[in-house]
Amino acid sequence: MPFVENLGARIYWDEEGSGAPLLLIMGLGWSAHAWHRSRPILSEKYRTIALDNRGVGRSEAPAGPYSIAQMASDAAAVLNAARVNTAHIFGVSMGGMIAQEFALQYPHKVRSLILGCTAAGGPQAVRAEQDVLQVLMTRGQDPDTFAKAIRPFIYDAGTLPERIEEDTALRRKWYPSGEAYFAQLQAIMAWEAYSRIAQISAPTLVIHGENDKLVPPENGRLITARIPGAKLVIVPSASHIFTTDQPDLAHAAILDFLGSQATRQRARPAPVPGPTVV
């Protein structure tokens with residue numbers, strides 16, 4: 001299995017599909033298995049490269065706290081190991097924070113940016129209600145208890161229970177240690193990019209569920225207003241895990257955006273030949 005060593009941890013990654021590279025970065029406490037709804041669809045047209053962030057899944061879990069910049073460096077190391085110079089970057093939740101930091105630290109590696117259900121940190125970020133934060137901060141060792149407690153804040157009320165159970169089964173199998181979970185959570189709490197994301201020049205899609213209680217959708221609007229030319233999609237009848245709540249709508253918006261980047265590249269005028277230098 002492919003691993004890459006970076007900043008004191010072995011980071012797991014793998015790839016599926018062919019085409020333009022698309023790096024997938026998952027959120028707090030979730031391994032890359034949580035892309036189970038999106039990856040088969042995206043891999044039909046793209047070379048998807050997914051990693052387990054440090055602390056979760058098959059990656060090592062060194063002592064924390066971690067930082068978002070550290071995990072962006074892990075993502076860059078994965079692209080280097082995959083021999084990819086530039087990729088589309090898609091991050092959700094904490095993964096969207098890592099994606100923002102990645103775009104700031106490694107702009108030459110970013111073809112386009114997709115920021116799902118995420119925030120830019122700092123005092124401008126719109127916080128979740130106290131009852132939501134309480135669940136996050138008191139996360140216990142039993143995955144089913146935690147899944148039941150967090151469910152009302154990350155899924156839409158109309159989502160089929162069997163879909164939610166499919167996600168829960170993955171969380172149950174790949175439930176991280178408390179130490180690693182809180183090391184990632186500390187990274188989120190310490191990070192801020194609102195003051196910097198106006199520097200991002202990559203084409204950007206911001207996508208957010210309209211009923212997200214974990215990361216309120218106002219955060220998506222703040223990011224869109226801050227990144228030049230960013231496009232915002234608010235998914236109706238969807239909460240934080242919008243690819244489970246509304247998979248068809250969400251994937252259509254994502255594929256439309258990615259497809260427009262290919263069109264944009266083809267539409268660029270050919271460079272005018274310069275004088276020959278002998």
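My entries below go from the whole chain down to single residues.

**Ground rules.** I'm working with a predicted model, where local features need pLDDT of at least 70, side-chain atom pairs count only at pLDDT 80 or more, and totals for chains, interfaces and linings use all residues. Residues are numbered from 1 along each chain as its sequence is written, and side-chain values use heavy atoms, with hydrogens and water left out.

**Whole chain.** I looked up the secondary structure and found 10 helices and eight strands (DSSP runs numbered from the N terminus: H or I of at least four residues for helices, E of at least two for strands). The C-alpha atoms fill a box of roughly 70 × 40 × 35 Å along the principal axes.

I got 55% of the 278 residues as buried (under 20% relative accessible area, with exposed over 50% and partly exposed in between, using a 1.4 Å probe and protein chains only). I then looked at contacts, meaning heavy atoms within 4.5 Å. Among those between residues at least 6 apart in sequence, 78% join residues at least 24 apart.

**Cores.** Which residues have the most contacts inside the largest nonpolar core? They are Leu23 and Ile89, in a core of 64 residues (a set of buried Ala, Val, Leu, Ile, Met, Phe, Trp, Tyr and Cys joined through side-chain atoms within 4.5 Å). Helix 2 (residues 68-81) gives this core its largest share, eight residues. I also noted a second, separate core of 25 residues, including Trp30 and Trp35. Leaving aside neighbours within four places in sequence, Ile89 is in contact with residues including Leu23, Leu79 and Phe102.

**Ala119.** I found Ala119 in the loop between strand 6 (110-116) and helix 4 (130-137). Is Ala119 buried or exposed? Ala119 is buried, at 7% relative accessible area. Beyond four places in sequence, its contacts include Met97, Trp191 and Ile223. Ala119 and Glu218 are 99 residues apart in sequence, yet 8.8 Å apart C-alpha to C-alpha.

**Val132.** This one sits in helix 4. Val132 counts as buried, at 2% relative accessibility. Not counting residues up to four places away in sequence, Val132 touches Phe153, Lys213 and Leu214. Val132 and Val215 are 83 residues apart in sequence and 9.7 Å apart, C-alpha to C-alpha.
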